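Thanks for coming, everyone. Let me put the structure up, and then I'll walk through it piece by piece.

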Amino acid sequence: KFKDLINSRKNVDQIKNGDRCIEIQYSKFAWWWNEDKSYDYYYWIDAGLSHCGLIPLKYLTFPHGMRRFYESNLFSNSFLKNLIEDTKDKFLILGKENDRNYWSGTVNSKWYTQYDRSVHVIGGMFGGHKSIWDNMVNMFEDYVVKILSDDTCEFLPHEEQIMTLMYFNHKELFERKHFDIWWCRDNAPQGTSEELF
C-alpha cells in the first residue's frame with residue numbers, strides 16, 4: 001500500500017543488513033481492510049512471541065529438537081479470554097520501558113503532542129474490539145503518510161515507532177500492558193539485575 005513512499009526512502013543496502021521488513025511491518029495493520037469482521041475481537045500476534053527468550057522453559061511444550069524453543073501451551077483459549085477481558089473497550093498494546101532499559105528511538109519529536117520516549121510500544125501483539133479497528137488502522141496509515149511524506153524524515157520508521165507515537169498522542173484509546181525487560185530468568189544475560197524480573 002505504501003510502496004512508493006517506502007521506496008522513496010528505502011536504503012536497500014542498509015536493509016540487507018537488518019532483520020526487519022518495513023512492508024511486512026506496515027501490513028500488520030493493512031490486513032484489516034480485507035477482514036470479514038465476523039468476530040468481535042481481533043488481535044495481531046507475531047508468531048515470534050512464542051520463543052524461549054520471552055517464555056520460561058517450564059511453559060515450553062516439547063522436550064527435544066528445535067520445536068522446544070518455539071512452542072508453548074500458554075497460547076490457549078484461556079489466554080484469549082484473558083486478553084479480551086484485559087482489553088475492555090480499548091486497543092490493547094504492549095509497552096516496554098525505554099529509559100532505564102533503552103530499546104529504540106522514536107520518530108521526530110515534532111510529531112508528538114508532548115514528546116515522550118519513556119515507553120516503546122511493541123508491534124508483536126495488539127488489538128481489540130472490531131468497532132475500534134477502523135480508527136486504529138486509519139490513524140496508523142495517516143501517520144505513515146504524514147511522516148514518510150515529510151522532507152525532514154531521515155529514515156523508515158518501524159511500525160513500533162509509529163505505534164508509540166499513536167499511544168502517546170492518544171493515550172485515552174489504549175490499554176497498555178507494561179514490561180521492563182525482554183528476557184525471562186531462564187535466558188537472561190549473565191549479570192542481569194534481579195529487580196528486572
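**Starting from one buried threonine**

Thr87 has 0% relative accessibility, so it counts as buried. Buried here means under 20% relative accessible area, exposed means over 50%, and partly exposed is in between, with a 1.4 Å probe and protein chains only.

A word on the source. This is a predicted model, where local features need pLDDT of at least 70, side-chain atom pairs count only at pLDDT 80 or more, and totals for chains, interfaces and linings use all residues. Residues are numbered from 1 along each chain as its sequence is written, and side-chain values use heavy atoms, with hydrogens and water left out.

Back to Thr87. It sits in helix α4. Helices (H or I, at least four residues) and strands (E, at least two) are DSSP runs, numbered from the N terminus. What does Thr87 touch, not counting residues up to four places away in sequence? The list is Tyr43, Leu92, Gly127, Gly128 and Glu175. Contact means heavy atoms within 4.5 Å. With Tyr43 there is also a side-chain to side-chain polar contact of 2.7 Å. For that term, we need a pair of N or O atoms within 3.5 Å; within protein, one must be able to donate a hydrogen and the other to accept it, and residues adjacent in sequence count only if both atoms are side-chain atoms.

**The sheet**

Next, the strands. The sheet is open, has 4 strands and mixed pairing, and its order is β1-β3-β2-β4. The edges are β1 (41-45) and β4 (174-179); each has a single partner strand, so one side of each lacks a neighbour in the sheet. From one strand to the next, the twist averages 25 degrees. Two strands pair if DSSP finds at least two bridges between them. Strands of a sheet pair through backbone hydrogen bonds, either parallel or antiparallel.

Look at β3, residues 119-129. It pairs with β1 in the antiparallel sense, over 5 bridges. Tyr43 has Gly127 as its bridge partner in β3. Tyr41 has His129 there. On to β2: 7 bridges join β2 to β3, and those two run antiparallel. Leu92 has Gly127 as its bridge partner in β3. How many of the 11 residues of β3 are buried? The count is 10, so β3 is largely enclosed by the rest of the structure.

Axes are lines fitted to C-alpha atoms, for helices over the stretch in contact, and angles run from 0 to 180 degrees between N-to-C directions.

**The cores**

In soluble globular proteins, nonpolar side chains tend to be buried together. A nonpolar core is a set of buried Ala, Val, Leu, Ile, Met, Phe, Trp, Tyr and Cys residues joined through side-chain atoms within 4.5 Å. The largest one here has 33 residues, and Tyr26 and Phe91 have the most contacts inside it. α3 (22-30), β2, β3, α5 and α6 (159-169) each supply at least two of its residues. α5 gives the most, with 10. Apart from this core lies another, of 8 residues, among them Leu49, Leu83, Leu92 and Met125.

Now α3. Its buried residues are Ile22, Gln25, Tyr26, Lys28, Phe29 and Ala30. They pack against α1 (3-9), β1, β2, β3, α5 and α6. Tyr26 has contacts beyond four places in sequence that include Phe2, Ile6, Phe140 and Ile162. Gln25 is buried at 3% relative accessibility. Beyond four places in sequence, Gln25 touches Arg20, His158 and Glu159.

**Aromatic pairs**

Last topic. The whole structure holds 22 aromatic pairs. Rings of Phe, Tyr and Trp (its six-membered ring) pair if their centres lie within 6.5 Å; planes under 30 degrees apart count as stacked, over 60 as edge-to-face and the rest as tilted.

Phe91 and Phe126 have ring centres 6.0 Å apart and planes at 40 degrees, so this pair is tilted. Phe91 is in strand β2 and Phe126 in strand β3, so the pair ties together parts 35 residues apart in sequence. Phe91 is buried, at 0%. Phe126 is buried, also at 0%.
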